Amino acid sequence: MLGRPEYRKALVFCGLIGIPVSLIAFWFLVAIHQLEQLLWTDWPKHLGRQHAPWWWGLPLLTVAGLIVGLVVKHLPGRGGHVPAGGLHSGGVTRQALPGVLIAALAGLPLGAVLGPEAPLIAMGGGLALLFAKLARAPETESSTALLGAAGAAAAISALFGNPVVGAVLLMEVAGVGGPQLYAVMLPALLASGVGDLIFTGFVHWTGFATGSLNIGLPTPPPLDWADVLWVLLLAPALGFLVHWVFVGGRYTARFVTTRTVRNTTLCALGAAVSITLYAVATGRSPADAALSGESALTDLARNPHAWPVGALVAVLVFKSLAYTLCLGGLRGGPVFPALFLGGAAGVLLAPLPGLGLVPAMAAGMAASVTAALRLPVSSVVLVVLLLGNVDTVALVVLAAVTSFILVQRLPQGPQIPAFGEQPSRPATAPGPTAPRGEHRSGPRDDG
């Protein structure tokens, strides 16, 4: 295949497309960040407040829900993928680009508990197809899939700042290799993690060295068996909790389908109420429980002692509720809120005997994001990249694998439609598949 002229041309074209897609993705992320800063930090300070008042999210998220509901009802592509269904790369079209951009720019800065990764994937794929159309490149099924994946990878790499994460994530999201991919990769991933754990333990216990790629960066205390035992207990528990957050999001998505505009606005308002309850209960900024959690996760990792136990418990409860409603009602990505919930749980549980902050956060983030995405390899790569610490890789792998195995065996809730499809509402008891003989016509959607 590498020797075929058409493939080489497609490879060069994908490389060229990566330039404008990455630039547009960069300014898209800048716009979201600047709007978040303006709405949740600058404006409250201009009003003479140290941080946003407790009621701040109520008007912002109500407006976000109304705009997203109108986009979902009236624009092609329905604003993008429903985030409760995880990350997807297929089904993107050029016509869906305006709806994806409007839904993301209206929902994310106004407080939606979602990240920008899903809109970036849709935007990158749509832009690649648009540029291919402008260049009058031949359109075939294989070329469309190739260009869409290349554009999505270029856009998502701009978010994570690492091309490896973008490539690995898109490989798993696109389902390269089909179901056999997990059948092969999961045992290999687990065996690699266990092997690394045993190897690290023997180096520590015996004092012998076999050579190392470590260039001398400071490292946390060495791992021990207490870390492993706690991870084997905590990772399934966190995976279980995040899984049911997503099941709740899928039921929320089904609720939204009956009256799109009204119910989307109600879901956004419900998320705002959860954020408000957090601010009232803790006296802290509602921004802690709103937004994607990307900035809050950095603050949490750098200043864990600035978060009292009560604030950690409250943010886990109320951000999870808001996350559930946003997963089904608004548009965005599920990655960063899951990472934040796992990190907050890690900070809360770090004082357990023999655990510690770094292993607890590593295991918590790996278990949570794996339960959210069902992409164990991408989750491991992403968490290791965020931590910047190779000594916790074995714990990250164990947490990801145990979380993935558990959530795969649990009830999944209602199915989520593909990109741009009108969801269907079963007439009988909910479940992942429609019962035999069930009426399958679409629901009434009168807004």
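Mentor: Start with threonine 370, which touches Leu375, Pro376, Ser379, Ala400, Ser403 and Phe404, leaving out residues up to four places away in sequence. Contact here means heavy atoms within 4.5 Å. The model is predicted, so local features need pLDDT of at least 70 and side-chain atom pairs count only at pLDDT 80 or more, while totals for chains, interfaces and linings use all residues. Residues are numbered from 1 along each chain as its sequence is written, and side-chain values use heavy atoms, with hydrogens and water left out.

Trainee: Where does threonine 370 lie? And is threonine 370 buried or exposed?

Mentor: Threonine 370 belongs to helix 13, residues 357–373. Helices are DSSP runs of H or I with at least four residues, strands are runs of E with at least two, and both are numbered from the N terminus. Threonine 370 has 0% relative accessibility and so counts as buried. The cut-offs are under 20% relative accessible area for buried, over 50% for exposed and partly exposed in between, with a 1.4 Å probe and protein chains only.

Trainee: How many helices and strands are there in the protein chain?

Mentor: The protein chain has 15 helices and zero strands. Of its 447 residues, 49% are buried. Among contacts with a separation of 6 or more, 79% are between residues 24 or more positions apart.

Trainee: Which residues does threonine 324 touch?

Mentor: Threonine 324 touches Val245, Gly248, Gly249 and Thr252, not counting residues up to four places away in sequence. Threonine 324 is in helix 11, residues 309–329, and at 15% relative accessibility counts as buried.

Trainee: Next to it in sequence is Tyr323. What is tyrosine 323 in contact with?

Mentor: Setting aside neighbours within four places in sequence, its contacts include Val113, Leu114, Val245, Phe246, Pro334 and Ala372. Tyrosine 323 is buried at 1% relative accessibility.

Trainee: How many aromatic pairs does the count come to?

Mentor: The count is five aromatic pairs. Rings of Phe, Tyr and Trp (its six-membered ring) pair if their centres lie within 6.5 Å; planes under 30 degrees apart are stacked, over 60 edge-to-face and the rest tilted. In the pair of phenylalanine 246 and tyrosine 323, the ring centres are 5.7 Å apart and the planes are at 90°, so this pair is edge-to-face. Phenylalanine 246 lies in helix 8 and tyrosine 323 in helix 11, so the pair ties together parts that are 77 residues apart in sequence. Phenylalanine 246 is buried too, with a relative accessible area of 1%.

Trainee: Which residues have the most contacts inside the largest nonpolar core?

Mentor: Those are Trp40, Leu120, Phe160, Tyr323 and Leu339, in a core of 112 residues. A nonpolar core is a set of buried Ala, Val, Leu, Ile, Met, Phe, Trp, Tyr and Cys residues joined through side-chain atoms within 4.5 Å.

Trainee: Changing topic: how many disulfides?

Mentor: Zero, taking a disulfide as a pair of cysteine sulfur atoms within 2.5 Å. The sulfur of cysteine 267 has its closest cysteine sulfur in cysteine 326, at 8.6 Å, too far for a bond. Cysteine 267 is buried at 4% relative accessibility, and cysteine 326 is buried at 1%.

Trainee: Last one: where is tryptophan 55?

Mentor: Tryptophan 55 sits in the loop between helix 1 (5–46) and helix 2 (57–74). Its relative accessible area is 33%, so tryptophan 55 is partly exposed. Tryptophan 55 and leucine 277 are 222 residues apart in sequence and 9.1 Å apart in space, C-alpha to C-alpha.
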